[in-house]
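Here are a few notes to read alongside the structure. Take them one at a time and look for each feature as you go.

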Amino acid sequence: MPVDTASCDAAPLAPGPRAPRTQPWILLYHSVADPTDDPYGITVAPERLEYQLRWLRRRGLTGVGVGTLMRAHAAGRARGLVGLTFDDGYTDFIDHALPLLQRHGCTATVFVLPGRLGGDNAWDPLGPRRPLLTEAGIRAVAAAGMEIGSHGRYHKDLTAATTDELRKETRGSRERLRQITGVAPQGFCYPYGTIDQRAVEAVRNAGYAYGCAITPGPLGSDHALPRTHISHADRGLRLHTKRLQHRFRQLTRGDLR
């Protein structure tokens, strides 16, 4: 039976401190481009992304943005859905990822950096330099039906931020994205995946309904959701293993019924 994601989009996702009884599977991507020069292992070739989307669809899974996923999860209608996230807001999302997502009937959340509009990934010392979305690019991604979320203003490690920096990276970036798209983002993504209680509380207090981490450990909650990193090397067996690892983590938390 197809999943009614439209009805899941209708209700707002209210912010709250609770930890979800089960944590849905959320995949983490970055750049979609030529992975030849990729010292950080964060680039997936377009043809490999298409393979991965086909792999999901063959297993009855549809990729959606995290806001949609969390609303469906809260309503008990998340079966058959998997979250897709793209961190940093590279322009190659428009060039390569967006057409493939649309071809496979998927949506995604794109976490962008409103303090680096039209800039590049200067925080990566090893490079290569990749251009980031401009204001117009962010609006185009939103107009295509993708969810826009905040990755902070400048890709700062929130656990090392001053109180003023923390406010600007969370609350300030949310307001800037509201100005760009006309809608305040519901989701925040922690740069580098690093979190502590102070950072999680800042994200919650800034009005975000959810936050995406990588491995949040005991801080896991709606505002510190775990994600599975997907690389160019991930094909059938590796994808299957990562799906099982996610389910095993839920089992060890006592979450699977």
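This is a predicted model: local features need pLDDT of at least 70, side-chain atom pairs count only at pLDDT 80 or more; totals for chains, interfaces and linings use all residues.

1. Helix 4 covers residues 92-103, which makes 12 residues. From its first C-alpha to its last it reaches 16 Å, close to the 16 Å expected at 1.5 Å a residue.

2. Which residues of helix 4 are buried? They are Asp92, Phe93, Ala97, Leu98, Leu100 and Leu101. Looking down the axis of helix 4, you will find these buried residues within an arc of 165 degrees, so they line one face of the helix.

3. Next, find the partners of that face. The buried residues of helix 4 pack against helix 2 (46-58) and helix 5 (135-143), and also against strand 2 (31-32), strand 5 (81-87) and strand 6 (109-112). Just after helix 4, have a look at Gly105, which takes a positive phi of about 65 degrees.

4. Searching the whole structure turns up 1 cavity of 30 Å³ or more. The largest cavity holds about 50 Å³ of space. Its lining includes Asp37, Asp38, Tyr90, Asn121 and Arg130. Sorted by class, the lining of the largest cavity has 5 nonpolar, 3 polar and 4 charged residues.

5. Finally, visit the second largest pocket, with about 320 Å³ of space. Of the 17 residues that line this pocket, Met146, Glu147, Ile148, Val183 and Gln186 lie nearest its centre. Helix 3 (66-74) and strand 7 (147-150) each supply at least two lining residues, and helix 3 gives the largest share, 3 residues. By class, the lining of the second largest pocket has 7 nonpolar, 7 polar and 3 charged residues.

Definitions and conventions. Residues are numbered from 1 along each chain as its sequence is written. Side-chain values use heavy atoms; hydrogens and water are left out. Helices (H or I, at least four residues) and strands (E, at least two) are DSSP runs, numbered from the N terminus. The expected span of a helix is 1.5 Å times one less than its number of residues. Buried means under 20% relative accessible area, exposed over 50%, partly exposed in between (1.4 Å probe, protein chains only). The arc is that of the directions from the helix axis to the C-beta atoms. Contact means heavy atoms within 4.5 Å. On a 1 Å grid over the protein atoms alone, a cavity is a set of points where a 1.4 Å probe fits but cannot get out, and a pocket is an open set with protein on both sides within 12 Å along at least five of seven lines; lining residues have an atom within 4 Å of a point. Grid points are joined across faces, edges and corners, and a volume is the space filled by probe spheres set on the points. Ala, Val, Leu, Ile, Met, Phe, Trp, Tyr, Cys and Pro count as nonpolar, Asp, Glu, Lys and Arg as charged, and the others, Gly among them, as polar.
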